[in-house]
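Please look over the sequence and the model below before reading on. The paragraphs after it move from the whole chain to single residues.

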Amino acid sequence: LAAARGAGVGGMLSINCLIREEFAGLLELVKPLNNVWCTVGTHPHDAGREDEKSVSLEELITLAQSDAKVVGIGECGLDYYYNQSPQEDQQDCFRKHIKACLATDMPMIVHARDADDDIIRIIREETDGKGMRGVMHCFSSSPKMGHEAIELGFHISFSGILTFKKSQELRDFAKDVPLDRLLVETDSPYLAPEPFRGKMNHPALVVYTGEVLAELKSVSVNEMARATTENFFSLFNKAKLV
């Protein structure tokens, strides 16, 4: 927290991946911390766990509305790269989370890996034109999927991957994302940006991703910081600075 604030990071969102094992402890952790919020959700890696499958839509909605510190739903989505949970369980879990987002008017943090077509298809099927708010987290999918997500109203969040030498296609796509749809993140403790790649990531390092994004969008670092901050509070509108 001290390092992040020293780097100019004004707030942060800690993402929940296991409802049964982690959410209560995560909520207690962030409650006393100024300008730190959390989400509630089941990561696709854990969608096949019986304890996570036992979380009903009604319970998920209740947990999402249980405290002002809970400002979003997820991380949920589809991961066909690791397939740590059966794809059918992942899809069922994803649909449940989308329903909760629509019921609460809260944004979703979407995890997508090697599942672009199913991610977009399921969102379209579940929303049926009603629209939902959310962010494609740690974006590394295809430009096609990214543009489809933007058309559906989603924000695009870039992590340290944006700074990696091999990520030219991702940087080319980032240039096309409207300024009012951009977010930056760490995915801590993973994906530390250059020049810290391979080391433990932490929120203070998000400024390096922001600097690269500013250069790609031909704006100043201060302008990018202002835009991504405004975008965060517009999307996660339950989060309030103190």
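This is a predicted model: local features need pLDDT of at least 70, side-chain atom pairs count only at pLDDT 80 or more; totals for chains, interfaces and linings use all residues.

Residues are numbered from 1 along each chain as its sequence is written, and side-chain values use heavy atoms, with hydrogens and water left out.

The protein chain contains 10 helices and 7 strands, where helices (H or I, at least four residues) and strands (E, at least two) are DSSP runs numbered from the N terminus. Its radius of gyration is 17 Å, close to the 18 Å that the globule rule gives for 242 residues, so the chain is as compact as a globular protein of that length; the radius is taken over C-alpha atoms, and the rule is 2.2 Å times the number of residues to the power 0.38. Along its principal axes, the C-alpha trace spans about 45 × 40 × 35 Å.

How much of the protein chain is buried? Buried residues make up 52% of the 242 residues, with buried meaning under 20% relative accessible area, exposed over 50%, and partly exposed in between (1.4 Å probe, protein chains only). If we turn to contacts (heavy atoms within 4.5 Å), we find that residues 24 or more positions apart account for 72% of those with a separation of 6 or more.

The structure holds 16 salt bridges, each being a side-chain nitrogen of Lys or Arg within 4 Å of a carboxyl oxygen of Asp or Glu. One of them joins E59 and R20, whose closest N and O atoms are 2.6 Å apart. This pair links distant parts of the chain, since E59 sits in helix 4 (residues 57-64) and R20 in helix 2 (residues 19-30), 39 residues apart. Both partners are partly exposed, E59 with a relative accessible area of 26% and R20 with 37%.

A second salt bridge is formed by R95 and E125, with the closest N and O atoms 2.7 Å apart. Because R95 lies in helix 5 (residues 87-104) and E125 in helix 6 (residues 116-127), the pair ties together parts that are 30 residues apart in sequence. Here R95 counts as buried at 18% relative accessibility, whereas E125 is partly exposed at 41%. Within helix 6, D118 and R121 are 3 residues apart, or separated by about one helical turn, and they form a salt bridge whose closest N and O atoms are 3.3 Å apart. Salt bridges that share partners join R95, K99, D118, R121, E125 and E126 into one network.

D46 lies in the loop between strand 2 (36-40) and helix 3 (50-53), and, leaving aside residues up to four places away in sequence, D46 touches C17, L18, E52 and S85.
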